[in-house]
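Me: I would like to learn how to read the interface in a two-chain model. Please take it one feature at a time.

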Amino acid sequence: MLYRENGQFKTTYAADQQIFPIAQDRWTILGILLIAFIAIPLLVDEYLFRAILIPFLILSLAAIGVNILVGYCGQITLGAGAFMAVGAYAAYNFHIRIEGLPLLVSILLGGLTSALVGIVFGIPSLRVRGLYLAVATLAAQFFTDWVFLRIPWFTDNSSSGSVSVSNLQVMGWQIDNPVSKYLFCLIFLTIFALLAKNMTRCAIGRQWMAIRDMDVAAEVIGIRPLFAKLSAFAVSSFFVGTAGALWGFIHLASWEPAAFSVDRSFQLLFMVIIGGLGTIMGSLFGAAFIVVLPIVLNQFLPALGGVFGIKISTAGVSHAELIIFGGLIVFFLIKEPHGIARLWSTGKEKLRLWPFPH
Amino acid sequence: MNIRKLALSASLCTLALTSLAPTQASAAAKDQYFPVLVYRTGAYAANGAPWANGYIDYLKLVNARGGINGVKIIFEECETGYATDRGVECYERLKGKNGGATVFQPLSTGVTFALTEKAPVDKIPLITAGYGRSESQNGAVFTWNFPLLGTYWVGADVAIQYFAKKLGGVANLKGKKIALVYHDSPYGKEPIPVLEELGKKYGFDVQLLPVAHPGVEQKATWLQIRQHRPDYVLLWGWGVMNSTALREAQSTGYPRDKMMGIWWAGAEPDVKDVAEGAKGYSALALQHGAEPDAKVVKDILSMVYAKGQGTGSKEEVGQVLYMRGLLSSMLGVEGVRKAQERFGKGKVMTGEQVRWGLENLNLDQKTLDAMGFAGVMRPVQTSCLDHMGSSWVRIETWNGNKWEFSTPDWYQADEKFLRPMVMLASGKYAEEKKLKPRTPEECKL
């Protein structure tokens with residue numbers, strides 16, 4: 001009823017090609033952005049910021065990066081955690097070794113370093129694909145684990161391998177309270193999501209998708225696999241590396257290589273698979289599912305038990321959390337193999353036809 | 001199921017969720033609130049659970065004895081699974097509840113590192129009894145950290161003293177090889193600077209052999225040990241890594257009496273399954289061992305378990321890790337008691353006041369005896385500059401079915417040697433963070 005595009009005529013090419021061609025979508029997104037930038041900082045308490053919103057924003061950014069590589073270019077990666085680690089430690093080294101380097105520059109340089117490392121580890125993708133490539137990227141994971149655990153230079157010779165940063169500021173804006181951290185991450189995510197969305201709509205994105213759908217055919221029509229694949233690795237690693245730097249600097253403030261273990265790589269891959277391969281929206285859904293759901297379950301179950309007068313032990317809660325979480329993953333994958341983003345778009349389709357669906 | 005039903009059920013679920021969501025009880029600060037970070041699941045559950053039970057049982061005992069000068073304790077568990085991010089989430093969730101957390105004890109060096117950055121902002125003290133960062137002993141820089149009873153540097157120093165004693169003097173350490181088999185995490189890496197420094201001083205060789213989390217895969221490590229034949233092996237493991245190391249030592253034929261564990265590798269779960277195979281293996285003891293005969297344990301059995309309010313099973317009361325949790329809990333409670341002496345008896349203390357209490361803790365033998373800790377631990381006295389309070393360590397040996405103190409004598413870490421290292425490391429931290437160490441005048445406040 002409300003969600004209908006009748007009467008919205010496009011008179012220019014620009015209007016036809018905009019990201020959200022339907023007016024209602026545009027208003028919704030604008031509304032969400034307004035809520036995110038203005039309402040949430042005013043309303044939400046510190047716990048939500050620190051425990052849910054900030055990790056959600058940063059991991060969304062990383063998931064977008066992984067989605068570019070896995071969803072758009074079809075190159076499976078199990079090394080996302082490694083690129084996060086490279087981003088975080090590179091940014092850390094720029095931050096402490098170059099006196100007076102602005103925070104933004106450090107973080108972006110961290111992302112760039114990660115992009116370079118990504119290109120190097122993307123080279124095998126020119127020869128191997130599918131599961132074999134996944135194994136090759138796993139090597140990146142173990143390699144970076146080894147580097148940051150064993151080479152003391154990268155961790156500034158800290159005896160325990162744990163590093164920390166403090167006194168973060170951007171042009172006089174102190175990033176020390178949860179609201180400023182949240183806004184800082186939100187600005188990053190907004191800009192990067194817009195970048196990613198546009199990149200996937202232009203020539204380079206179409207090259208990636210051509211490679212994903214059938215690389216031999218893509219080569220025949222004149223797409224260079226070398227360029228397409230390596231650019232996907234570079235862009236993806238840049239996103240993931242930036243997210244890693246944010247994770248270290250903004251979220252943790254003090255971290256060790258274990259923060260970017262192979263578990264993190266799997267988590268990111270699950271996010272894009274559950275959220276929806278090849279969609280930006282899906283990355284956000286996936287991140288929300290993986291970050292928020294376990295925490296919600298963890299707090300909701302004891303309350304639920306309380307309603308029925310049952311006292312669930314701490315161990316019981318965390319076991320139940322894993323069982324329900326795993327069950328939901330299987331459920332979603334069976335019901336909608338294309339991810340939550342697909343549910344979202346099917347929902348939108350239905351709304352358009354409402355009240356007479358066919 | 002079609003899409004409509006799915007959407008319907010999803011929205012119903014959300015509705016149910018929001019309506020049932022725990023309504024936060026507003027802060028009625030009549031009770032002292034102790035958040036408890038635990039891990040009863042995951043790879044380290046076997047060691048985390050007894051610690052948590054001891055911690056909570058002691059809080060229950062304090063309540064059964066009438067609270068801290070009449071102030072009752074309330075507590076709440078939060079499961080971290082030994083993961084840093086979940087630990088931080090728990091901290092954020094619990095820190096503001098019920099009028100504010102009294103003290104946090106994360107039982108994980110990784111979580112301690114992360115919380116060290118947050119504690120000064122939230123003004124909540126952090127007790128890390130027998131773990132955490134060693135340089136945080138310097139209270140002038142680490143205002144909110146309390147590595148009470150001992151740090152890993154203390155442990156490393158005492159272990160070398162013990163080896164020297166076995167060899168008949170420090171002079172005989174020259175040319176010896178000592179291997180450190182460690183958990184590859186901030187926890188396992190803590191002792192390395194001290195061992196290397198001591199190696200230079202006494203002329204022995206330190207071999208570093210990291211074991212990846214969770215530590216069930218150690219074949220390669222023990223192959224290296226078989227090749228190099230170190231004179232002693234120092235085991236710095238946690239959880240399943242310890243029993244695996246002992247099994248590997250058994251199958252490699254490395255003599256167990258030349259192996260020495262840190263106090264986190266010296267509890268029942270570490271050796272129970274290896275039983276006879278671990279005979280002769282010794283471990284440092286953070287002052288206490290298994291103490292089933294201590295008065296405080298008997299009190300817990302009679303005042304908590306007899307009423308059916310025990311947290312764990314009756315059999316494990318008094319075991320090594322149970323006692324560690326109990327001691328940790330006691331230190332927190334005594335911090336509150338001390339704070340009440342200054343800020344008002346029978347009142348609820350804030351984190352800031354408890355910090356003062358912990359910094360001026362003075363548990364002499366008489367107090368300990370009165371609390372039922374006779375023979376369990378030695379007196380502890382902290383100060384502004386020394387947040388550790390005691391550097392005494394005992395050594396226990398596994399005889400095949402229980403831990404016993406083979407050498408009744410106590411060891412004390414060499415403060416003259418460790419203090420400069422603590423000052424250097426904490427100074428570096430202060431410089432990095434642009435912190436100004438507290439002056440003696442500020443300490444008095």
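Me: How many salt bridges are there between chain A and chain B?

Reply: A salt bridge is a side-chain nitrogen of Lys or Arg within 4 Å of a carboxyl oxygen of Asp or Glu. The count between chain A and chain B is 5. One pairs the side chains of R264(A) and D85(B), at 3.6 Å from N to O. This is a predicted model, in which local features need pLDDT of at least 70, side-chain atom pairs count only at pLDDT 80 or more, and totals for chains, interfaces and linings use all residues. Residues are numbered from 1 along each chain as its sequence is written, chains are lettered from A and ligands numbered from 1 in the order written, and side-chain values use heavy atoms, without hydrogens and water.

Me: What area is buried between chain A and chain B?

Reply: The size of an interface is often given as the accessible area lost when the parts come together. Here the buried area (1.4 Å probe, summed over both parts) is about 3400 Å², and carbon and sulfur atoms give 57% of that. S159(A), S160(A) and T314(A) supply 15% of the area that chain A buries against chain B, more than any other three residues. The contact (heavy atoms within 4.5 Å) takes 40 residues from chain A and 38 residues from chain B.

Me: Which residues of α12(A) meet α3(B)?

Reply: P294(A), I295(A), N298(A) and Q299(A) meet R86(B), E89(B) and R93(B).

Technical notes: Helices (H or I, at least four residues) and strands (E, at least two) are DSSP runs, numbered from the N terminus. Buried area is the accessible area (1.4 Å probe) that two parts lose on being put together, summed over both.
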